[in-house]
Amino acid sequence: MSDPIRCLEFFSGIGGLHYALNIAEIPATVVCAFDVNMIANQVYEYNFGHAPSNKTIERLTPKDIEKFKADCWLLSPPCQPYTQGGNMKDIDDPRAQALVHLIDLLPKLDKPPTYLFLENVKNFEESQSRAKLVQMLDEMNYQVKECLLSPIQFGIPNHRLRYYMMARRRSSIDSSSVQQQETEQEESSVIQGEIHTKWPFTGEYQFEVPELCQFIENAANEDLQYRVPEKDIIKRHKFRFDIVRPSDNRTSCVTKAYGSHHLQTSGSLIQTQYLDVKHDWSDPKSLLELGLRFLSPKEISRLHAFPVPEYQLQSNDSCLTKPRLFNPPHCLPHLNFPDSVTLMQRYRLLGNSLNCWVVAELLRCELF
Ligand SMILES: C[S@@+](CC[C@H](N)C(=O)[O-])C[C@H]1O[C@@H](n2cnc3c(N)ncnc32)[C@H](O)[C@@H]1O
């Protein structure tokens, strides 16, 4: 059996890309992770047994990277440079400099990685950061695939539209003249920015999306820590926020502000009380009667397809090459949080993270 592919995980957070690799059952191992967030690193170490390096990525030298003899880079750089909230400063945003540094490092390596996977928000596809990365990959003879996909397309009741890039370096054998022609065609489509929006890329599957009740622990969760504070509901009543019922088969994107007073855009709230009358957005009292609560961190972990214990959906036929219907992953390690990590810190880390199933499927079907 050949040796596992050696991966570096940059911007590792709580390890969403590492979990995805495990879920994909690819013979690969993360030889080092990098993140400056000490709480994220604490969670990562708690689960994977080794702490990420907290050295700022901008300070990594070619030597620092080469010593790992890695053949795959997994990256989920900060998204703020490409969001409205972050002022869309793109490559001029200091938070984009770590990615820019890694792009500049690539050609300086004695042995650049064969595989590269990157996750980011929608808008990244139009950024100068993406253009710089694609140009470098192109110059270094990588084949690049890009897509914009959401977990709901994979049979998970959650919207989280994200950009993904998969790049593979062509070997010198690949560069024969016939393949060179195909290559040139592919390259021009990459530069033009062909972005796949269907899953699978070759034509959409209609995966049945299960109801939210399959993902939630207890619909009428009485745990007061998950209740949406009345003052926040009343204060915000003129703005609509997303209310879902356990029988729904969708939720909106959970952001790092989830669980805070930012109710409108941070994710769905669960209705726990059912009334005959419909609520009225101009009457805050009617909203109070819905018994709104936040999703718990465990429920978000399930929606993000992290491996978590004691949790089953319907059975699934597994096939090695075809896209799979979502089935909750159980591979080890599970995602757990140390007791010292507060509820708000858990929300923040999960909101910053990614959908492991979507990444696992892309790794399995498109990259490796
Ligand atoms: C979008 S989050 C990635 C989350 C991760 N994929 C997960 O599953 O949790 C970006 C991460 O990059 C880290 N980060 C930002 N700038 C960094 C830098 N210059 N060096 C190292 N890590 C950095 C942040 O601490 C954050 O955890």
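Pro333 is located in the loop between helix 9 (297–303) and helix 10 (343–352), where helices are DSSP runs of H or I of at least four residues and strands are DSSP runs of E of at least two, both numbered from the N terminus. The peptide bond that joins Leu332 to Pro333 is cis, with omega at about 0°. The model is predicted, and local features need pLDDT of at least 70, side-chain atom pairs count only at pLDDT 80 or more, and totals for chains, interfaces and linings use all residues. Residues are numbered from 1 along each chain as its sequence is written, and side-chain values use heavy atoms, with hydrogens and water left out.

The loop between helix 9 and helix 10 also holds Ala305. Ala305 is not a glycine, yet its phi is positive, at about 60°. With a relative accessibility of 0%, Ala305 is buried; buried means under 20% relative accessible area, exposed over 50%, and partly exposed in between, for a 1.4 Å probe and protein chains only.

A cis peptide bond also runs from Trp199 to Pro200, with omega near -5°. Pro200 is placed in the loop between helix 6 (177–192) and helix 7 (230–235).

A positive phi of about 55° is found at Glu25, which is not a glycine either. Glu25 belongs to the loop between helix 1 (16–23) and strand 2 (28–34). The relative accessible area of Glu25 is 65%, and the residue is therefore exposed.
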